[in-house]
Amino acid sequence: MSQLFHHSLTEVRDLLRAGEVTAQEATASCLERIAATEPRLEALLHVSGEEALSQAEAMDKKGPDAARPLWGVPVIIKDVLATVGMPTTCGSRILENFVPVYDADCVTRLKDAGAIILGKANMDEFAMGSSTENSAFKVTKNPWDTSRVPGGSSGGSAASVAAGQCFASIGTDTGGSIRQPASFCGIVGLKPSYGRVSRRGLIAYGSSLDQAGPMTRTVADAAEILQVIAGHDPKDSTSVNAPVPDYLAAMGQGESLKGLRLGLPEQYWGEGLSAEVDAACRSAVELAASLGAEIVPVSLPHTEYAIATYYILAMAEASSNLARFDGVRYGRRSSQTQDLATMYTRSRSEGFGEEVMRRIMLGTYVLSAGYYDAYYRKAAQVRRLIRQDFLNALGQCDLICGPACPTTAFAIGENTSDPLQMYLTDIFTISLNLSGLPGLSLPVGLGKDTGMPVGLQLFAGNMEEAGLLSAAQTLETHLPKLPEPPLA
């Protein structure tokens, strides 16, 4: 059963339920895969091999449990989500030795559903980055081409799923950090509606933007994970108290998209979009039309302001959220201190990386008394206009679609010296976070020039993940299946 890693989550789930595969075999297969690929991929920061095998052995003694939908399925968690007894570093030196005493809500739900937590995925420090090059510990490689980035900040999660190290991973999306790496690595990445999945235990970057979600090989796998992690959490004030639909019932509902109105925003299909991404995404749109979808032109007129708006708001929230890392309560404390002020300064300077310090300083600046109205308040007003753009467009169509990224995965080191260029790689993803709506990146082919994966985004109305997943799976069924990454 060493080749189990080639299977999707739903396939492995069915094998486990039928008793054709044991939890130990599924876990061992992933651990073997990690051992074979991790030296080149560097996707993980922590692997709990012995603990995972012990848990699998205990589960096998009791036998499959039909009441636990992920019984025996190995998964990996992004290192920004708290995991009891397992390091949670956020890819930062300041939390290098931090081990939480509780699990994030979505981790608890995964464990209750029978999932086996294999380890923690590498990420850009405190989720600040688009390439996973900002990790304090290592640079993760793309399994399609190890000279290229896997995207970020959930690059470790995306790479681990694409390379077969696990059957699913939980990432987080503040400005596209699930959908962009999913596009770069040729997997499915789903950002749920804000509040659909609890943020408790998710170490905050931008509190009004952060959202955890599944990163998987298929749309059905994403639905399976979302079914488990979605739901109201009374301990999270941003969690929405709304019924969770049966996402799995939406799977396999039809072979056509007849009656679906698919909106194409003009702002996502013009200048800055590479020819190979444009061709792959337009081909997928043509396929949707051939399946019966009605293609509707729509407009998101404030998209040009999204980058500036997002980075003002996100950096402001980051400067506030990261104030807690001061060397007093937990995390790194500098040994070279003479007084309280020096301890604060040196602990944070030694613990935070360059990008994190840049964002803290910019965030503090835009929140300062003389600039709050000019920057933060204005950005908050534009955010409302961006959300209204989406609501207006969704009044004319059922789903909105566009490329997930303007290019395929870029080379490691290509954008590290130019922060603005790095920020621009998120141009097609950040508006959705500002609106709080759900979005999914679906692999639609390989670029003709680079041979790297291309992702198409689908956006839906608030809390309308069921329709989003159903349409995505119908489209996925008719798209050519991507080959295994060369690393595989």
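1. Asp105, Arg109, Arg200 and Asp233 are joined in a network of salt bridges. The model is predicted. Across the whole structure, a search finds 21 salt bridges.

2. Take the pair within one helix. Aspartate 105 bridges to arginine 109, with 2.7 Å between the closest N and O atoms. Both sit in helix 4 (residues 105-112); they are four residues apart, so about one helical turn separates them. Aspartate 105 has 7% relative accessibility and counts as buried, because the limit is under 20%.

3. Now the pair between loops. Arginine 200 and aspartate 233 form a salt bridge, their closest N and O atoms being 2.8 Å apart. Arginine 200 belongs to the loop between strand 5 (188-191) and strand 6 (212-216), and aspartate 233 to the loop between helix 7 and strand 7 (261-265), so the bridge ties together parts 33 residues apart in sequence. The two ends differ in cover. Arginine 200 is partly exposed at 24% relative accessibility, whereas aspartate 233 is buried at 3%.

4. Another bridge is worth a look. Glutamate 355 meets arginine 358 through their side chains, at 2.2 Å from N to O. These two residues lie three apart in helix 11 (residues 354-367), about one turn of the helix. Glutamate 355 is buried, with a relative accessible area of 11%. Arginine 358 is partly exposed, at 23%.

5. How enclosed is helix 7? Of its 11 residues (219-229), 10 are buried, so the rest of the structure largely encloses this helix. Glycine 231 follows helix 7 and has a positive phi, near 140°.

6. The UniProt record (unreviewed entry) annotates Lys78, Ser153 and Ser177 as "active site". They span 100 residues in sequence, yet no two of their C-alpha atoms are more than 11.1 Å apart, so they gather at one spot. Of these residues, Ser177 is in the lining of the largest cavity. Lysine 78 is placed in strand 2 (residues 74-78). At 0% relative accessibility, lysine 78 is buried.

7. Two cavities of 30 Å³ or more turn up in a search of the whole structure. The largest cavity holds about 80 Å³ of space. It is lined by 14 residues, and those closest to its centre are Gly129, Gly175, Ser177, Tyr310 and Asp426.

8. The largest pocket has a volume of about 560 Å³. Its lining takes in 26 residues; Gly186, Arg217, Thr218, Lys481 and Leu482 are the closest to the centre. Helix 1 (9-18), helix 5 (155-162) and strand 10 (439-446) are the elements that each give two or more residues to this lining.

9. The UniProt record (unreviewed entry) places "domain: Amidase" at residues 25-469. Over that range the chain is 37% helix and 13% strand. The end C-alpha atoms of the range are 30 Å apart.

10. On the surface, Val328, Leu340 and Tyr344 make a nonpolar patch, with about 260 Å² of accessible area together. Tyrosine 344 lies in helix 10 (residues 340-351) and is partly exposed, at 32% relative accessibility. Elsewhere, leucine 391 in helix 12 (residues 372-394) is also partly exposed, with a relative accessible area of 34%. Leucine 391 and glutamate 11 are 380 residues apart along the chain, and their C-alpha atoms are separated by 37 Å.

Key. Residues are numbered from 1 along each chain as its sequence is written. This is a predicted model: local features need pLDDT of at least 70, side-chain atom pairs count only at pLDDT 80 or more; totals for chains, interfaces and linings use all residues. Side-chain values use heavy atoms; hydrogens and water are left out. Patches are made of residues with over 30% relative accessible area and no salt bridge: like charges are joined within 9 Å, nonpolar side chains (Val, Leu, Ile, Met, Phe, Trp, Tyr) within 5 Å. Accessible areas come from the Shrake-Rupley method with a 1.4 Å probe; for residues, only the protein chains shown count as cover. A salt bridge is a side-chain nitrogen of Lys or Arg within 4 Å of a carboxyl oxygen of Asp or Glu. Buried means under 20% relative accessible area, exposed over 50%, partly exposed in between (1.4 Å probe, protein chains only). UniProt positions are given in the numbering used here, feature names are shortened, and annotations may be inferred rather than shown by experiment. On a 1 Å grid over the protein atoms alone, a cavity is a set of points where a 1.4 Å probe fits but cannot get out, and a pocket is an open set with protein on both sides within 12 Å along at least five of seven lines; lining residues have an atom within 4 Å of a point. Grid points are joined across faces, edges and corners, and a volume is the space filled by probe spheres set on the points.
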